[in-house]
Structure formats: C-alpha cells, structure tokens
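Let's walk through this structure together, one stop at a time. Keep the sequence and the 3D view side by side as you read.

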Amino acid sequence: METSLKRRRLLKAALMGAALPSVVSLMAGCSEKESQKACTLLGCALSTDGSYAVVGADDTGQPLFRLPLPDRGHGVAAQRRHVGSLAVAFARRPGDFMQVFDYQRGVTLSQVDAEPDRYFYGHGAISDDGQWLYTTEGKRQTSEGVIGVYRLSSDGQVSKVREISGFGIGPHEVALYDAQTLVVGVGGMHTDGRTVLNINEMQPALVYLDIASGDVVERAELANKKLSIRHLMVSHDGYVATGQQYHGDDNAPLVAIHRRGEPMRQLTAEPEQWARFNNYVASIATLNGWIVATSPRGNCYGIWSLDSGEMIGLHPLVDASGASRDGDVINLSSGGGKMVTLNTAHTPDYHMTPVRWDNHWITLV
C-alpha cells in the first residue's frame with residue numbers, strides 16, 4: 001500500500017526562509033565538525049512572520065536550521081545517530097502531512113500527504129534500526145485509531161506497508177516500549193476537526209501493541225473516563241509516564257505512571273496546584289527518580305517524586321512546551337523562547353532562544 005509522495009520544492013523553502021535571515025545563515029544544518037555545534041534538539045515552532053517550521057538547535061536551544069512546514073507542526077521523531085540522520089515532523093491534529101528531513105544537513109527530503117479518509121494525530125516513532133516509522137492516525141468519519149506502519153528509506157522516501165487498528169479511537173502519542181512492542185496513548189475522543197463529540201462516552205486507555213501481529217498485549221485505564229490519555233514517554237527503567245487532558249468541569253490529576261502488569265498510578269498534587277495546569281499536560285520527561293510535566297495552557301511545569309508520587313515543585317514558565325532528557329539534565333522549551341535546563345538537583349538554568357517553540361521537542365540520541 002503506497003502513499004502519494006511529494007518532494008518539497010527547495011525554491012519554496014528558500015522563499016519562506018528568506019524572511020528569517022538570522023537563521024538562514026545557518027542552513028548548512030547540524031554538523032558534527034568541530035567548527036560547528038552539533039544538532040541536539042528538534043522541535044516544531046512558529047516563525048516570526050506567522051508561518052510554521054521545524055527547527056534544529058544546539059544544546060542551548062540556539063537554532064542551527066529552520067525548515068518551513070505547510071501548516072502547524074506538533075511532534076517530531078528521529079533516527080538514532082548511529083543508524084542515520086532522518087527525522088519526521090508531524091502536522092498538528094487533524095493533520096494532513098508529515099515531512100521528512102535530514103537533521104545533519106538541515107534539508108527537507110519529502111512530504112507525505114494523509115490519505116483521503118485518514119488524518120495524522122501529530123506524533124510518530126522510528127524503530128531503533130531506523131527502517132520503520134510508526135504514526136498515529138485516525139479515520140475521518142469515526143476517529144477509529146490506526147497505527148500506520150511505513151518503510152523509511154535512506155533517501156527520505158516513505159511507503160506505507162500496513163496498518164494496525166482495533167485498539168480504540170483517538171490515539172495520540174506512540175512510542176517504542178521495546179523492539180517488539182509499541183505503547184500508545186489512546187485519547188478516546190471522537191472529533192470533528194478539533195471539536196470533541198463524545199465527552200460522555202470516552203474510553204481512553206494506555207495500550208501496548210505487538211508490532212508483528214498488531215495484537216493488544218496489555219491495556220491499562222484510569223477510573224475517570226474524562227481524562228484523555230494523550231502524551232507519554234518511556235523511562236530508562238521501563239515504566240511509562242502519561243500526561244492527560246481533562247474534559248470535566250472541575251480539576252483532576254493529570255500525570256500518571258504505569259508499569260507492565262500493574263494498574264496505572266496517578267501522581268498527586270493539591271487541587272489548587274492541578275488547577276494551575278488548566279486541564280492539560282503537553283510533554284513529559286523523567287530523570288533519576290523524578291518526573292517533569294509541562295502545561296502551555298497553564299504556563300507552568302511541575303516536578304514529582306517517582307517514589308512518593310507527590311509533587312515536589314511547581315514553577316511558572318510562559319507557554320511551557322517541550323520536555324526531553326539529555327544525559328543528566330532535562331531541557332524544557334517555551335513558546336516565549338525561553339529554555340530551562342534542570343539538573344539532577346532540580347536547579348534551573350535559563351537560556352533565551354530566538355525560537356517560539358511549540359508543544360514538543362526531542363533530544364537526539
């Protein structure tokens with residue numbers, strides 16, 4: 001089953017990038033040469049002229065390249081450095097494109113359009129060997145969840161080979177749990193555009209899928225069905241942390257963890273602290289027994305102890321967005337351009353960047 005593939009014309013990229021001369025001068029991309037800093041962070045962003053882009057940056061958040069996107073982006077997936085330098089930016093749901101680029105050279109390679117009866121949910125994952133791309137997709141009329149399985153070639157061309165379905169509606173973020181298993185945040189939302197149609201009938205879940213067979217091998221749920229399980233990350237020691245979007249009238253716990261074979265465990269905070277998050281968590285990262293979650297709607301980020309499950313810090317950050325681990329630190333981004341680096345003692349170090357970062361970013365490994 002082949003998708004229609006479109007090469008992005010470099011002329012269009014150049015014209016759009018011309019409005020950003022300070023960044024265009026860096027379009028040689030992320031080089032490993034000693035004369036240039038290495039590309040460490042990838043994320044979608046809003047450009048100063050109101051257009052959208054995917055940005056590669058160094059470890060201080062300073063942009064090394066900026067590639068135009070046809071519409072607002074959301075998540076990014078990338079090959080591990082030892083197998084390749086391809087990455088994919090996904091359109092914000094209900095999205096109609098994903099864009100493949102080379103993060104070493106800072107160039108766009110191809111654009112894949114959603115099939116007529118499908119849309120993208122904004123996230124994807126690439127296998128450790130770099131050959132397979134897994135995307136969260138939905139059927140337009142029903143929001144039935146689909147994992148698209150694509151072959152990713154070395155020149156950035158993408159072809160869909162099969163689909164995995166039958167696990168629920170409204171999948172959002174997908175990650176590799178291990179080499180044989182995907183884990184998916186199934187939001188449970190049937191939508192028309194971005195309007196939720198089934199708030200009182202939602203069935204969110206955290207679902208583990210066998211990649212080879214497509215079978216559901218484990219399913220975990222929260223008691224409150226108005227907590228849409230959306231964003232997630234897999235920790236280095238095998239648990240999954242999830243961030244929720246709440247569709248109730250009050251406030252509810254928005255961060256949970258799950259270990260295979262056990263019930264989901266919600267992390268705790270005071271009601272007024274949960275209220276600060278404005279019912280939405282965007283990105284999650286973990287490090288050495290603590291968890292960080294951002295809320296662009298709440299202009300804040302929270303820190304929890306994994307052992308106790310209790311909140312140990314709540315901090316302001318305007319349009320708090322991406323969260324990712326880089327060795328012994330966690331990097332946070334914001335739509336206001338500020339970058340926060342948290343060390344193992346939770347001490348923040350601040351950098352200003354010329355990038356209006358969107359909800360997510362990743363650290364290249």
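Begin with an open sheet of four strands, whose order is β4-β3-β2-β31 and whose pairing is antiparallel. Strands here are DSSP runs (E, at least two residues), as helices are runs of H or I of at least four residues, and both are numbered from the N terminus. Two strands pair if DSSP finds at least two bridges between them. At the edges of this sheet sit β4 (63–69) and β31 (356–363), each pairing on one side only. On average, neighbouring strands are turned by 20° against each other, direction ignored; the strand axes are lines fitted to C-alpha atoms, with angles from 0 to 180 degrees between N-to-C directions.

This is a predicted model, in which local features need pLDDT of at least 70 and side-chain atom pairs count only at pLDDT 80 or more, while totals for chains, interfaces and linings use all residues. Residues are numbered from 1 along each chain as its sequence is written, and side-chain values use heavy atoms, leaving out hydrogens and water.

Now look at one pair of strands: β3 (residues 52–57) joins β4 in the antiparallel sense over six bridges. Within it, V54 has L67 of β4 as its bridge partner.

Next, visit two loops. N279, found between α3 (271–276) and β23 (284–287), has a positive phi of about 65° although it is not a glycine. H346, in the loop between β29 (338–342) and β30 (348–352), also has a positive phi, near 70°.

Is N279 buried or exposed? N279 counts as buried because its relative accessibility is 16%, and buried means under 20% relative accessible area, exposed over 50%, and partly exposed in between (1.4 Å probe, protein chains only). H346, at 25%, counts as partly exposed.
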